[in-house]
Amino acid sequence: MATSSAFSWSIPLWSDHWSKELLLKREGEIGRRAFDRGFRQMAISDSEKIFPMLEQCIIPGDDPFQYVEDGASIYAGVDPAGESRPGTCIFALARLHNGTRVPIHIEYGKWKPEETAQKVIALNNAFRPEAIFFENNALQSAYISLIKLSGGLDIPIRGFHTGKQKSDPMIGLPSLEIEFENKAWIICEPQHEIGCLCDWHHWL
């Protein structure tokens, strides 16, 4: 479809199957992010240019482990659902010897606390991360206690509070853009069907 950077509509090139009205309806169903990727061939939406160099770190494929060398360090993170964001995210990455980060596991869902605890234990058993960073919010202590009560006594949980640190040039979002620019990440993007909302694409 021919469009401008302002997302203005022109004559649909596939009007026999997708009219303008159907495309707008589909965008409303799957969201701008998935629509841009699937229907506009834009890996990164205009609104996401806070990380303009992210795109060069994305590699088509669904096997991140092909890039992970023996002895790579594994780290994980858990960001529980909160008032501003429904759903919990569980994330794991490998840090290669040269410092490159490779995301290897992503889960996102609306789980009960007991389910989240079991998923964290399963992640620990599968990857044996050196540390699991748990977003430091009002639920952190309760989750950590629940995980330990569920059998996760040896899990290396570490508290982590983002807050104002997100804007810190050394450890916040600006530092991520520097890492993307230096190709310090290898991010596999599974080639799923258009509009896929799997956990991996939800994170991307």
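Modeller: R128 is exposed, and so is D154, where exposed means over 50% relative accessible area, buried under 20% and partly exposed in between (1.4 Å probe, protein chains only). This is a predicted model, in which local features need pLDDT of at least 70, side-chain atom pairs count only at pLDDT 80 or more, and totals for chains, interfaces and linings use all residues. Residues are numbered from 1 along each chain as its sequence is written, and side-chain values use heavy atoms, with hydrogens and water left out.

Colleague: With which residue does R128 form a salt bridge?

Modeller: A salt bridge here is a side-chain nitrogen of Lys or Arg within 4 Å of a carboxyl oxygen of Asp or Glu. For R128, the closest N and O atoms of the pair are 3.6 Å apart, and the partner is D154.

Colleague: How far apart in sequence are the parts that this pair ties together?

Modeller: R128 forms its salt bridge with D154. R128 lies in the loop between α3 and β5, and D154 in the loop between α4 and β6 (157-160), so the parts tied together are apart in sequence by 26 residues.

Colleague: What span does helix α3 reach from its first C-alpha to its last?

Modeller: Helices are DSSP runs of H or I with at least four residues, and strands are runs of E with at least two, numbered from the N terminus. The expected span is 1.5 Å times one less than the number of residues. Helix α3 (residues 113-127) has 15 residues, and its span is close to the expected 21 Å, reaching 21 Å.

Colleague: Within what arc do the buried residues of α3 fall?

Modeller: The buried residues of α3 are T116, A117, V120, I121, L123 and N124. They line one face of the helix, because seen down the axis of α3 they fall within an arc, taken from the directions from the helix axis to the C-beta atoms, of 160°.
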